[in-house]
Structure formats: C-alpha cells, structure tokens
Amino acid sequence: MSLNPSNPLAGKKIGIAITGSFCTFQKLYEELTHLKELGADLYPVFSYHVATLDSRFGTAEEHRKKIEDITGKKIIDTIPGAEPFGPKMKMDAMVILPCTGNTLSKLANAITDTPVLMAVKAHLRNNRPLILSISSNDALGLNMKHLGLLMNSKNIYFVPYGQDDYEKKPNSLIAHVELLSDTILAALNGNQLQPVLKSPFKKDE
C-alpha cells in the first residue's frame with residue numbers, strides 16, 4: 001500500500017535500471033525528478049556501458065553524479081551488487097529506462113551478463129512488474145521478434161512508444177517517457193497503459 005492515499009506512488013520502492021541510450025538521458029533526468037517529487041523511493045542501477053563510457057551527451061562520472069543527486073542513492077554497477085534485488089531489496093516495480101535494443105534482445109533470451117539484467121532477473125522472480133522504456137534503432141527490424149515476445153510476457157509492461165523518425169530511421173522506436181509515472185501506476189495494478197502505440201512523434205520531439 002502507498003504511504004499517501006492521495007498519491008499512489010508515495011513510498012513505492014522503484015528500481016531504475018539505466019542502459020546506454022545516452023541521447024535520451026536529459027528526459028531521463030526529468031522523469032526521475034518527477035518520480036521523486038511524487039514521493040517514490042528510487043534505487044538506481046547502471047549497465048557496464050553507462051558506468052564506464054563517455055559520450056557527447058556527458059561523461060560517465062557526470063551521469064553518475066546526476067543520478068545519485070536525484071535519487072539520493074549510490075549507483076549499483078556490479079552483478080553481485082544487483083543480485084539482492086531478488087531476496088533482500090524487494091522493489092514494488094522496476095523500470096529499464098532507457099531500454100536499448102541490446103538489452104531488449106538479451107532480456108528476451110534470458111541472458112544475464114550486466115548489472116541491469118541481473119537486477120531485472122532478480123526482480124522478476126518476485127512476480128512484480130517490470131516496465132520497459134524502449135529506445136532502439138532496430139526495434140522494428142531484427143529486434144521486432146524480441147519486442148513481440150516481451151510484450152506477451154507475464155509481469156512485463158511498456159511505456160507507450162512510437163517511431164521517433166519514420167523517414168530517416170524507419171525501424172526505430174522510442175518511448176514517450178512523459179508517460180512513465182502513469183505506466184508505473186497502471187503496471188502496479190496489473191494493467192498495460194493504453195494506447196501502447198503512440199506514433200509518430202512530432203518533428204520537434
């Protein structure tokens with residue numbers, strides 16, 4: 001139960017598993033800040049790439065500091081550090097935000113070789129919701145079979161998504177991350193937020 005009846009996310013423990021679609025990180029920061037304002041208790045996990053790679057969107061250390069400042073928690077960035085999400089650190093929900101095509105395909109094939117995937121594996125054993133915020137250039141290409149498999153999997157939900165540039169990147173999908181909190185609330189009640197397909201994006205998004 002929420003600690004605040006007027007705000008169903010207040011006091012909810014939510015794992016935030018972050019993978020390397022770096023171009024989406026500014027919106028990630030905004031949505032995590034919003035979740036904190038709603039009173040959610042956030043537990044961040046980095047993939048190996050997010051923990052170590054610098055890009056034109058910022059350094060690994062800059063991302064680490066920003067996420068730790070927002071969540072008030074230290075980043076979990078090792079497989080041993082992520083394993084306790086199953087038996088000890090039980091979350092009400094977990095989000096992969098953003099969820100790259102690489103992580104999507106590994107998850108669909110039960111591969112556990114990063115801290116994010118270990119956190120997800122541990123979380124799913126508790127039969128609690130996993131929310132995917134997809135960001136993939138091949139989601140309508142080679143990864144489409146993995147997308148379909150996960151959309152039909154128990155306890156897995158999607159932030160509604162659409163094509164971000166159907167002319168230049170026709171196989172690309174990206175989540176409408178502004179719907180993250182609504183998606184989490186629906187998933188906590190066992191429902192997929194609808195419509196799950198919201199496409200195309202406006203040109204200025």
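Trainee: Are H5 and H7 roughly parallel or oblique to each other?

Mentor: Helices (H or I, at least four residues) and strands (E, at least two) are DSSP runs, numbered from the N terminus. The axes of helix H5 (residues 101–108) and helix H7 (residues 144–151) cross at roughly 55° and come within 9 Å; axes are lines fitted to C-alpha atoms, for helices over the stretch in contact, with angles from 0 to 180 degrees between N-to-C directions. Angles under 35 degrees count as roughly parallel, over 145 as roughly antiparallel, 65 to 115 as roughly perpendicular and the rest as oblique. So H5 and H7 are oblique.

Trainee: What pLDDT do side-chain atom pairs need to count?

Mentor: Residues are numbered from 1 along each chain as its sequence is written, and side-chain values use heavy atoms, leaving out hydrogens and water. This is a predicted model: totals for chains, interfaces and linings use all residues, local features need pLDDT of at least 70, and side-chain atom pairs count only at pLDDT 80 or more.

Trainee: Back to that pair: is the crossing of H5 and H7 left-handed or right-handed?

Mentor: A crossing is left-handed if the near helix is turned anticlockwise from the far one by less than a right angle, and right-handed if clockwise. The way H5 passes H7 is left-handed.

Trainee: What about H1 and H3: roughly parallel or oblique?

Mentor: Helix H1 (residues 25–37) and helix H3 (residues 60–71) have axes 9 Å apart and an angle of about 15°. Phe25, Leu28, Tyr29, Leu32, Thr33 and Lys36 of H1 touch His63, Lys66, Ile67, Ile70 and Thr71 of H3, a set of 6 nonpolar, 3 polar and 2 charged residues. H1 passes H3 in a right-handed crossing. With that angle, H1 and H3 are therefore roughly parallel.

Trainee: Which residues of H8 does H1 meet?

Mentor: H1 and H8 pack with axes 10 Å apart at about 55°, which makes H1 oblique to H8. From H1 come Glu31, His34 and Leu35, and from H8 come Leu180, Ser181 and Ile184.

Trainee: Which strand gives the most to the lining of the largest cavity?

Mentor: A cavity, on a 1 Å grid over the protein atoms alone, is a set of points where a 1.4 Å probe fits but cannot get out, and lining residues have an atom within 4 Å of a point. The search finds 1 cavity of 30 Å³ or more, lined by Thr24, Pro98, Ser133, Ile134, Ser135, Ile174, Ala175 and Val177. Strand S4 (130–136) and strand S7 (173–175) each supply at least two of the lining residues. The top contributor, with 3 residues, is S4.

Trainee: What is the volume of the largest cavity?

Mentor: Grid points are joined across faces, edges and corners, and a volume is the space filled by probe spheres set on the points. The lining has 5 nonpolar, 3 polar and no charged residues. The volume comes to about 30 Å³.

Trainee: Which residue does a cis peptide bond join to Leu97?

Mentor: Omega at this bond is about -10°.

Note on methods: On a 1 Å grid over the protein atoms alone, a cavity is a set of points where a 1.4 Å probe fits but cannot get out, and a pocket is an open set with protein on both sides within 12 Å along at least five of seven lines; lining residues have an atom within 4 Å of a point. Ala, Val, Leu, Ile, Met, Phe, Trp, Tyr, Cys and Pro count as nonpolar, Asp, Glu, Lys and Arg as charged, and the others, Gly among them, as polar. Contact means heavy atoms within 4.5 Å.
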